[in-house]
Amino acid sequence: MRERSRIPSLLAISARRLWGGAGGPGNWVRSLPAGTAIQLREKDLQRADLIRLGRTLRSAFDGILIVSGDVEVALACGADGVHLPSDAPWREVGARVRRRGLLLGVSTHSPEELRDASKVGADYALFGPVFDSPEKRRFGPPQGLERLRRAVSCDLPVLGVGGVDAGNAASIARTGAHGVAAIRAFADPRAAADLEAAWTRAAGTMPPCEDGDPKAQ
């Protein structure tokens, strides 16, 4: 696994239907708080269109860019990593990701999946849905904060996902989570700024553990 300092604490998951305006992806990227990473996740696009969008994002963004599911798209647009859904063949695809020197992220919804993520050498995991979210309802009811608290005890950085916003960022930080990932909370510049401020304020009050990571409260 990479050093935890390499893994972003804020991850904006793309949803171009929410960007709006003539500026499109360029304006969206420029509206993100400094240090936010991007996960390119547009399931309806064909590979060629996804590569074009990825290159557009890459040209406007010098932070960490992660592509959902497709190693070839990640390489073609100069991305920094690949994120795999929970039903992907993690071991097989993960080996290709690591050979290319890319970050490997995975989506998880249970302690068993988190253990598997560690075994395949994932660099970080998303865990959720923590709260109710339209995009995550197919994965079942919200996991809640207590399950997230138990999830972050695994040996890789865990980011809470699902219904994340400025109003609940502090409660996620108190579980000891490495960070948060969201779609809607990063679609609007003001909401994104509020989330970043809430997370930074809450995470900054967490006492460090011996290894430098936040201590679960």
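Let's start with F186, which touches L10, L11, A12, W28, L32, P33, T36, A192 and L195, leaving aside residues up to four places away in sequence. Touching, or contact, here is a matter of heavy atoms within 4.5 Å. Before going on, note that this is a predicted model, where local features need pLDDT of at least 70, side-chain atom pairs count only at pLDDT 80 or more, and totals for chains, interfaces and linings use all residues. Residues are numbered from 1 along each chain as its sequence is written, and side-chain values use heavy atoms, with hydrogens and water left out.

**The overall picture**

The protein has eight helices and eight strands. Both kinds of element are DSSP runs numbered from the N terminus, with helices (H or I) of at least four residues and strands (E) of at least two. Buried residues account for 51% of the 217 residues; buried means under 20% relative accessible area, exposed means over 50%, and partly exposed is in between (1.4 Å probe, protein chains only). If you take the contacts between residues at least 6 apart in sequence, 55% of them join residues at least 24 apart.

**The cores**

F186 also shows up in the largest nonpolar core: of its 57 residues, W28, I38, L57, L84, L148 and F186 touch the most other members. Helix 8 (residues 189–203) gives this core its largest share, five residues. Apart from it there is another core, of 14 residues, with A15, I66, L126 and L159 among them. A nonpolar core, by the way, is a set of buried Ala, Val, Leu, Ile, Met, Phe, Trp, Tyr and Cys residues joined through side-chain atoms within 4.5 Å.

**The barrel**

How are the eight strands arranged? They close into a barrel in the order 1-2-3-4-5-6-7-8, with parallel pairing. From one strand to the next, the twist averages 25°. Two strands count as paired if DSSP finds at least two bridges between them. Here are two of the pairs:

| Strands | Sense | Bridges |
|---|---|---|
| Strand 1 (residues 10–13) and strand 2 (residues 37–40) | parallel | three |
| Strand 5 (residues 103–108) and strand 6 | parallel | four |

A12 has I38 as its bridge partner in strand 2. Helix 2 (residues 47–60) packs on the sheet, where it touches strand 2 and strand 3 (65–68), and its direction makes about 170° with that of strand 2. Axes are lines fitted to C-alpha atoms, for helices over the stretch in contact, and angles run from 0 to 180 degrees between N-to-C directions.

Over in strand 6, V106 stands opposite A125. Both faces of strand 6 are covered: Y124 and L126 are buried on one side, A125 and F127 on the other. In the loop between strand 6 and helix 6 you'll find P129, and the peptide bond joining G128 and P129 is cis, with omega about 0°.

**Q39 and S68**

Q39 sits in strand 2 and is buried, with a relative accessible area of 3%. Leaving out residues up to four places away in sequence, Q39 touches L11, A12, I13, S14, I66, S68, H83 and L126. With S68, the link is a side-chain to side-chain polar contact of 2.8 Å. A polar contact is a pair of N or O atoms within 3.5 Å; within protein, one must be able to donate a hydrogen and the other to accept it, and residues adjacent in sequence count only if both atoms are side-chain atoms.

S68 itself lies in strand 3. S68 and H83 are 15 residues apart in sequence and 4.6 Å apart in space, C-alpha to C-alpha.

**Two helices with a buried side**

Helix 4 (residues 90–99) has W90, V93, G94 and V97 buried. Seen down the axis of helix 4, they fall within an arc of 100°, so they line one face of the helix. The arc is that of the directions from the helix axis to the C-beta atoms. What covers the buried residues of helix 4 includes helix 3 (71–76), strand 4 (81–84), strand 5 and helix 5. After helix 4 comes G101, whose phi is positive, near 75°.

In helix 6 (residues 144–151), the buried residues are G144, L148 and A151. Their arc around the axis is only 80°, which puts them on the same side of helix 6. Their cover includes helix 5 (111–119), strand 6 (124–127), strand 7 (158–161) and helix 7 (169–173).
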